[in-house]
Amino acid sequence: MDELERLCETAGLVVLGHDMQSMQNPSPSTFIGAGKVEQVARKLKRLGDVAFVVFDDELSPAQGRNLQKAWGGEDGKSEVVVLDRTQLILQIFAQRARTKEAKLQVGKPHTPCSRAWAEADAPCVRRCKQLRCGTSFHG
């Protein structure tokens, strides 16, 4: 948990909290269980302006989309970007790329969350809700 929190901070995110769920078999559609999806939705609503939810495990593209849809606003449009650890690390690499070669290697346009980062207001500190799930599955 501490390492993921440091990664979030390195990426310029403010960690507002964290949560954990142990499961034998992660859900194919959302990675976490339906009850945890609802619980996180309530936390996100209570916390207000949360821009990112970061998982400490790898999510499939479908799981990320399903979670963003579940945590979207009234109109179903997502208000939060769901990232996994790999996507967060790629974003950090993209932020730190300085040379032409480095920028080509990280492929900024291809990083999953570069659009969300680009849309962030510069003076506004982005917020991150850290979520770690499925630890017993990997153990």
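This is a predicted model: local features need pLDDT of at least 70, side-chain atom pairs count only at pLDDT 80 or more; totals for chains, interfaces and linings use all residues.
Biologist: What makes a stretch a helix or a strand?

Modeller: Both are DSSP runs, numbered from the N terminus: helices are H or I with at least four residues, strands are E with at least two. By that rule the chain has 7 helices and 4 strands. From the N terminus their order is α-β-α-β-α-β-α-α-α-β-α.

Biologist: How do you know that the length of H4 agrees with its residue count?

Modeller: The expected span is 1.5 Å times one less than the number of residues. H4 covers residues 85–96, which is 12 residues, so it should span 16 Å; its end C-alpha atoms lie 17 Å apart, which agrees.

Biologist: Which residues of H4 are called buried, and why?

Modeller: They are Leu88, Gln91, Ile92 and Ala94. They cover an arc of only 160 degrees around the axis, which puts them on the same side of H4. Buried means under 20% relative accessible area, exposed over 50%, and partly exposed in between, with a 1.4 Å probe and protein chains only. The arc is taken from the directions from the helix axis to the C-beta atoms.

Biologist: Which residues are buried in H1?

Modeller: In H1 (residues 2–10) they are Leu4, Leu7 and Cys8. Their arc is only 100 degrees, which puts them on the same side of H1.

Biologist: How do you know that the buried residues of H3 line one face?

Modeller: In H3 (residues 61–70), Gln63, Gly64 and Leu67 are buried. Down the axis they fall within an arc of 100 degrees, so they line one face. The face turned away carries the exposed residues Pro61, Arg65 and Lys69.

Biologist: What covers the buried residues of H3?

Modeller: The cover includes helix H2 (34–47), strand E2 (52–55) and strand E3 (81–84).

Biologist: How much of the chain is buried?

Modeller: Buried residues make up 43% of its 139 residues.

Conventions. Residues are numbered from 1 along each chain as its sequence is written. Side-chain values use heavy atoms; hydrogens and water are left out. Contact means heavy atoms within 4.5 Å.
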